[in-house]
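Please open the model in your viewer and keep the selection tool at hand.

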Amino acid sequence: MSSWYFSKDDQQEGPVTADQIVALDYPGIGRLAYFLISMALCIVFYVILIAIIFAALGTNQGGGAAAAGLLVGLLFVIGFFFLAVKRITNLGMSGWAILWALVPFMNIWIHWRLIACPAGYQDHRTLDTAGKVITGLWIGMFALAFLAPVIGGLARG
């Protein structure tokens, strides 16, 4: 087993079962905190972006508003990457694994891990009930995203 875990019965010989493993505290940020902080950051980002747009509509200097919007967007991307690195380390992975988010199709896998997997998932590879529910919703949303255009196209005739 990894050094992050120890068995409840330190004297036991042989393999340790999943119910005998006790997780130690992982550094970083947990799943719920990651979700809530990400949601709050998105709301703040869009409120600021809408305020910039309305301020630009009142003037004829669109270039300044575009630069301000890009700056705000860049700051929020940096904030999201920082938050994701904290969550990745909570999963037991290297912080550099966040770079998978820049690779097509691998970004789906890494974001699934950020949202669904419990702390230390890299070491124990066991989803809890919340992780299983989130995974089901994740798969359902992807199925809906792929099936909706097909069904809509068939309905048009």
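Does Tyr-46 count as buried, partly exposed or exposed? Select Tyr-46: at 48% relative accessibility it counts as partly exposed, where buried means under 20% relative accessible area, exposed over 50% and partly exposed in between, with a 1.4 Å probe and protein chains only. Before going on, note that this is a predicted model, in which local features need pLDDT of at least 70 and side-chain atom pairs count only at pLDDT 80 or more, while totals for chains, interfaces and linings use all residues. Residues are numbered from 1 along each chain as its sequence is written, and side-chain values use heavy atoms, with hydrogens and water left out.

Phe-45 and Tyr-46 form an edge-to-face aromatic pair, 5.2 Å centre to centre with 65° between the planes; rings of Phe, Tyr and Trp (its six-membered ring) pair if their centres lie within 6.5 Å, and planes under 30 degrees apart count as stacked, over 60 as edge-to-face and the rest as tilted.

Next, select Asp-128 and Arg-31, which form a salt bridge whose closest N and O atoms are 2.7 Å apart; the term means a side-chain nitrogen of Lys or Arg within 4 Å of a carboxyl oxygen of Asp or Glu. A search of the whole structure finds 1 salt bridge. Asp-128 is partly exposed at 29% relative accessibility, whereas Arg-31 is buried at 19%.
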